[in-house]
Amino acid sequence: MTAISPSLPPSLRLAQAIGIMTSAFLSGGVLAVSYGFVPSMSQAPNTLLVREWRTTYGRGIAASPAIAILSSLSYIYLSYSLSFTLNHNKAEVYALAALATGSIVPFTLIFMKNVNGKLNNKVEESKELDRTEEMNESKAKKGEHSQELLNWWAVLNFGRGLLPFTGACLGIYASFYMTS
């Protein structure tokens, strides 16, 4: 393993650091929600469960797109800057890192829209109840109960977290393991 491309100008070394750190940070945050938050909430009453999901979702949607964009822009800058040099192979890997990290946004909009909508509907239903009261889900179809929706959301969210993880791995590979 070599140092972070010492032959590159400082602006490109900074872009490497920003791209890798932000995509890894984003991945860790997203994966922690699926791995830590969702299982810990499985014993909560449905009313509390969906409200806590909404709080967590709100924090994620406020920060994640900006982090994904910053990371992707760093990788795009690296890709563009290196594409006209002898490092064009690295440029291609950085482009893939940008694509992997940035695809978290369309993934969310395309694959998670349905379950997010259903969970948000459950949040609206819960507003009429006290935090300790259970929502009446006796007439809910299979797969439409709060816990089932949250479990499916966690699976999709885990897959979503692997996108910036892939970007971070590609960024690390291009920065530390590829030669010119």
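Which side chains meet in a salt bridge? Those of E124 and K127 do, at 3.1 Å from N to O. A salt bridge here is a side-chain nitrogen of Lys or Arg within 4 Å of a carboxyl oxygen of Asp or Glu. E124 counts as partly exposed because its relative accessible area is 47%, whereas K127 counts as exposed because its value is 56%. In these terms, buried means under 20% relative accessible area, exposed means over 50%, and partly exposed lies in between, with a 1.4 Å probe and protein chains only.

Let me state the basis of the work. This is a predicted model, in which local features need pLDDT of at least 70 and side-chain atom pairs count only at pLDDT 80 or more, while totals for chains, interfaces and linings use all residues. Residues are numbered from 1 along each chain as its sequence is written, and side-chain values use heavy atoms, with hydrogens and water left out.

I turn to the overall architecture. The protein has 6 helices and 0 strands, and from the N terminus its elements run α-α-α-α-α-α. Helices (H or I, at least four residues) and strands (E, at least two) are DSSP runs, numbered from the N terminus. Of the 180 residues in the protein, 41% are buried.

Next, the largest pocket. Its space amounts to about 440 Å³, where a volume is the space filled by probe spheres set on grid points that are joined across faces, edges and corners. A pocket is an open set of points, on a 1 Å grid over the protein atoms alone, where a 1.4 Å probe fits, with protein on both sides within 12 Å along at least five of seven lines; lining residues have an atom within 4 Å of a point. The lining of the largest pocket comprises 23 residues, and V30, G60, I61, S64 and R160 lie nearest its centre. Helices α1 (10-40), α2 (46-82), α4 and α6 (146-177) each contribute at least two residues to this lining, and α2 gives the most, with 9 residues. By class, the lining holds 14 nonpolar, 7 polar and 2 charged residues. Here Ala, Val, Leu, Ile, Met, Phe, Trp, Tyr, Cys and Pro count as nonpolar, Asp, Glu, Lys and Arg as charged, and the others, Gly among them, as polar.

Helix α4 spans residues 104-111 and includes V105. With L109, I110 and F111, V105 makes a nonpolar surface patch of about 410 Å². V105 counts as partly exposed because its relative accessibility is 31%. Patches are made of residues with over 30% relative accessible area and no salt bridge, with like charges joined within 9 Å and nonpolar side chains (Val, Leu, Ile, Met, Phe, Trp, Tyr) within 5 Å. F107 is also found in α4, but F107 counts as buried because its relative accessible area is 19%.

F107 and L156 are 49 residues apart along the chain, with 9.2 Å between their C-alpha atoms. L8, in the segment before α1, is buried, with a relative accessible area of 10%. Its C-alpha atom is separated by 9.7 Å from that of L82, 74 residues away along the chain. N89 belongs to helix α3 (residues 88-102) and is partly exposed at 39% relative accessibility. For N89 and A174, 85 residues apart along the chain, the C-alpha separation is 8.6 Å.

How values were computed:
Accessible areas come from the Shrake-Rupley method with a 1.4 Å probe; for residues, only the protein chains shown count as cover.
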